[in-house]
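Me: I have a model open and would like to learn how to read it. Could you take me through some features, one at a time?

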Amino acid sequence: MVRKHFCYLILAIIITSCSTNPYKTTEKAYNQQLKTLENQITSKEAQTIPPISPVIIDTTYASQLGIIKDTLSKTGSTSLLNGISTEWIGTVNFNLRKPSFVIIHHTAQDSLQQTINTFTKTRTQVSSHYIISENGKVVQMLNDYLRAWHAGNSTWGKNTDLNSSSIGIELDNNGFKPFTEAQISSLVALLTKLKKDYNIPTQNFLGHADIAPGRKQDPSALFPWKTLAEKGFGIWPDAVLEEAPFDFKIEPALRIIGYNTKNLSAAIQAFKLHYIQTDATSTLDRKTIDTIYSIYKKQVQ
């Protein structure tokens, strides 16, 4: 009898081991799609924008990303705190996350090469997707789908991790001189491509100072925000300002626009650095109030 039961057990094991995985086809599709995405995010091919001499920098992408079997493609079981273990069944419907913001900076350094050196040293813990030099040369240092370390501690609306949802662009400028025509021309060309590629909303083209009031001042008051807004990258107040209503509240309006208003004075200064520029103080004069009202109306439309 024992021998008979043992034979049944062996037979059951053989049948089980030979049974077809019902998800074999979808697992294969998952792995193929994953391989495509791995190739996409490790690509270092030059991107096509209006004729700008490319700078090719080998940052050994694949090794830095750590794309190996137990990281990006990890499919094992995970034990949860309640004792339940997850089961892996790969979906066939997925892709890479897409950025929804562009954050513009000035480097506050003296040259393109100095900034490249900064972004290629581990100890600095800072990076950006693109750098644009004074002569219009564009250097891409990170794939758009990956998370650069450019925004730091920042907030816009309810978004408290701009690094995870944005593309960072650094302009080679020390913060005290005008931006060059060639530099802005390349910036506009790049923004045109990014806006189209990722369907980035017009109002989501911002400066570092916007998302970090009081902590950052870049890009400086010399940055041509109006020119960018006219080309569809950001919003701009009406030429003739409508007077704000008597009961118009500044703090909630700035918060609705997107500013962190925990330090209201810093938020006002950051707003004025972007939209008034000739005066970046925290003074709330008539022009400032009416400008905030104008941007507030555009943001809530």
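Me: Which residues of H2 are buried?

Reply: A word on the source comes first: this is a predicted model, where local features need pLDDT of at least 70, side-chain atom pairs count only at pLDDT 80 or more, and totals for chains, interfaces and linings use all residues. Residues are numbered from 1 along each chain as its sequence is written, and side-chain values use heavy atoms, leaving out hydrogens and water. Helices (H or I, at least four residues) and strands (E, at least two) are DSSP runs numbered from the N terminus. Buried means under 20% relative accessible area, exposed over 50%, and partly exposed in between (1.4 Å probe, protein chains only). In H2 (residues 24-41), the buried ones are Glu27, Tyr30, Leu34, Leu37, Glu38 and Ile41.

Me: Why do the buried residues of H2 line one face of the helix?

Reply: An α-helix has 3.6 residues a turn, so residues three or four places apart point the same way. Seen down the axis of H2, its buried residues fall within an arc of 105°, so they line one face; the arc is that of the directions from the helix axis to the C-beta atoms. Thr25 and Lys28, on the other side of H2, are exposed.

Me: Which residues are buried in H8?

Reply: In H8 (residues 250-257) they are Ile250, Ala253, Leu254 and Ile257. Their arc around the axis is only 95°, which puts them on the same side of H8. These buried residues pack against H9 (264-275) and H10 (286-300), contact being heavy atoms within 4.5 Å. Just after H8, Gly258 has a positive phi of about 145°.

Me: In what order do the strands of the sheet come?

Reply: Two strands pair if DSSP finds at least two bridges between them. Here five strands make an open, mixed sheet in the order E3-E2-E4-E1-E5. E3 (138-140) and E5 (205-207) are the edge strands, each pairing on one side only. E1 (residues 101-106) and E5 run parallel and are joined by three bridges; Val102 has Phe205 as its bridge partner in E5.

Me: How many aromatic pairs does the structure hold?

Reply: A pair of aromatic rings is described by the distance of the centres and the angle of the planes. Rings of Phe, Tyr and Trp (its six-membered ring) pair if their centres lie within 6.5 Å; planes under 30 degrees apart are stacked, over 60 edge-to-face, and the rest tilted. The structure holds ten such pairs. One of them, Phe223 with Trp225, is edge-to-face, at 4.7 Å centre to centre and 70° between the planes. Both Phe223 and Trp225 are buried.
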